[in-house]
Amino acid sequence: MSETKMKRISELQDLVFDGVTNPYVPPAELNISDKLKLHSEFGSDLDPVTFEVVRHGMWNINEEHGGTIQRVSGSPIAMYALDLNPTIMTEDAEFVYVGPYMQYMSGVADTQVKWTLENRSENPGINDGDMFLANDPWVGAAHQQDVMLLCPVFWGDRLFAWITNCLHQYDIGGITPGSFCPNARDSFDEGIMLPPVKILENMKIRKDIEDLYLRSSRKPDMVALDFRAQVAGNMNARKRMLDLVERYGPKTVKGVMRKVIDDGEKTYLDKMARLPDGVWKDRTYIECAEPGDRSTHRVVLTVRKEGRKLTFENHGTAPQSGAMNATYSGWRGSVIVAINQLLCWDQNFAPGGALRHINFDPTLGTLNCARHPASVSTAPIQAMEISLYPAYNAISKMIYADPEMREDIICIGGTSQWPATIFRGKDQWGENYGYILVDPIGGAIGAFSTGDGISTGGQARTPICKMPNVEHTEQDFPVLFLYRKEMTDSGGAGKFRGGLSAESCFIPHNTEKIIHDTLSSGNATPTATGMMGGYPGATNGYRFKRSSDVLERMADSHLVEDVDELSGEDVTLELRQIEFLQTASDVYAVLCSAAGGFGDPLDREPESVRADVEQYSVTAEAAKQIYGVVLAEGAIDMAATEALRSERRAQRKGNGSVERSDEPVVVELTENLHLRGGNYCCAKCATKLAQRDSNYKDGCVCEDHAVSSSNPLIGDPVRFIDDDPVFRQFFCPGCGSLIENEVAMRTDPYLMDLSLTS
């Protein structure tokens, strides 16, 4: 074995135990055993009809793959949360297609396959009929519950492609049933971690490995069924892929795979050529790393564009802490979701070409690139979510400069931190259960640069997700829903409003008690921040009323429309409150964070605000206070509205002198900011704010407000944190336009969110 190859394997072993190595290895640099032969020949003279038929065939194979897992698995997580995703990759682990399910799962698939190629091709070998099981977050899983099944596809004696899938398993061990462990001290308190192990040989399950894998589970039968659903998905996709190769020939199919990637690369490069070079940043915060923690933890994302190359960094993010962390692969997988949706959406879930020109430069030991053995079981609902959504803001500001690409902008959506309620106990049949409430997947879609977001429209990271029917949850678990409703005023205000989120409320049913843990962030500090002057969506919220009169009201045939209608003791639940009880008369309501708005709310059409009030999306009070729209008996008082908005803009301006630029616009940077000559200027009145090598915010009128002023449903943060978050606004001193907002800690400096370098 060569010295270089030994060094590379040594580095990857360090990765498993310390998390110190970037696992993204370009295909040409892979060190693979000579025993494994790769199929890399491809045809380049494809006719258009054959190309379209074969590429759509592969897309259908991938889509059907996910549907197979759904149909075979008995898990509500697969059926209702769609917490799974299939992938097709080349022999050397470049993405061809990823599925439209839980997107970040595919973002970690290629790291797993490349690790397997380098570490398993020699011993025990990679052969036709093998499958490898893996859930080690330091190799490539999002967290331990997301179990990957890797299937090499051979044509003859050569490795032709990879079919993979990932599915969130019901329970794979750890100190908390369901394997989300909010009070874990480190990964040794969490479920079993397996680097890729060969669990199928000659298409038969190895019982020794399966027994090892299932041994830690409280529900081994359900996990075994989940695993078999994944096996069925891979087998079906593998067979269909081989049928495609047999029908059209290996060079043709491989040629189509390469062309899909190459076309994606060409489109990406064309987009990069239309954008200026520069640096874009976003900053946000996560709360409560472990039970009793009242701190906020900073998260920073930086995007650097140099020619056709993008580099993503997390420098400035807080150190790993408590039980909220994610690994490098989780961070990278999260960012790839935003890359896929904002830069590759026109490639039909084929990000492989773009990724040839995208680097990830992690600062390890941070909460979203944690070193082993950090606790990471809660990663997808905390550290990975908080890694994904800043990427929407940073990339959206980068692409705004191109008039065509700015139509692709989307603001941060709902459930930007998942308000988890983890419950367990004895169900209505006397069986043990442990589960997480799936309703927050209903989320909300953020505002667009061209229109309003979508209320309870799901989550952008899971394009085909849907909330489970109430009846399905009641059938599977001992709960009775009192209501599920959209929350008025929850969507972030703006020229275009963010989507509303929902609240679900339930009591125990046919059981004496339910044991709960909370696991949440974004309850004190909004994480669905708006963009280009848009306001944030509502924060997460728990409402718990102990010893209420709900049973008496139901006996009298009175329906409950809100928790506040009930008598009883109001209990403030902490963000990581462990093992509290809900008995028959205790009412529990969970509100998920809503979506951010786009643009200055004073620029919203008054008629749109009136319609919002009529449709219960916005209250009349918020219409006046935030949007500056005065309604009288449901109609717009236009004179009062114009006067109020003019007064608000005048109050924003301050009293200083201003200088306006007469130079032409060089770049339209945001909805509210232009570069004219060498100066950043207000887009509406051309007031000079700062020179291009400075922070434009330094030239604005800045006001810090209580964070609760940014959305009517955001309460006092002192309930949960000791830090002092503020809603920081930057106004044009010339015309009073709102240039940008920040949610920041009061002691934080202004974020320099954009800086052009060319």
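Are Phe481 and Phe506 buried or exposed? Both residues are buried, where buried denotes under 20% relative accessible area, exposed over 50% and partly exposed in between (1.4 Å probe, protein chains only). The model is predicted, with local features requiring pLDDT of at least 70 and side-chain atom pairs counted only at pLDDT 80 or more, while totals for chains, interfaces and linings use all residues. Residues are numbered from 1 along each chain as its sequence is written, and side-chain values use heavy atoms, leaving out hydrogens and water.

Rings of Phe, Tyr and Trp (its six-membered ring) were paired if their centres lie within 6.5 Å; planes under 30 degrees apart count as stacked, over 60 as edge-to-face and the rest as tilted. This rule gives 23 aromatic pairs. The ring centres of Tyr170 and Tyr435 are 6.5 Å apart with planes at 25°, so this pair is stacked. Tyr170 belongs to the loop between strand 5 (158–168) and strand 6 (197–201), and Tyr435 to strand 13 (residues 432–436), a separation of 265 residues. Strands (E, at least two residues) are DSSP runs, numbered from the N terminus. Tyr170 and Tyr435 are both buried.

The pair of Phe481 and Phe506 is tilted, at 6.0 Å centre to centre and 50° between the planes. Because Phe481 lies in strand 16 (residues 479–486) and Phe506 in strand 17 (residues 502–508), the pair ties together parts 25 residues apart in sequence. One aromatic cluster includes Tyr170, Tyr435, Phe481 and Phe506.

A charge sits over a ring if NZ of Lys or CZ of Arg is within 6 Å of the ring centre and within 35 degrees of the ring normal. The charged end of Lys254 is placed over the ring of Phe160, 4.2 Å from its centre. Arg406 lies over the face of Tyr400, 4.1 Å from the ring centre.

Definitions and conventions. Helix = DSSP H or I, 4+ residues; strand = E, 2+ residues; numbered from the N terminus.
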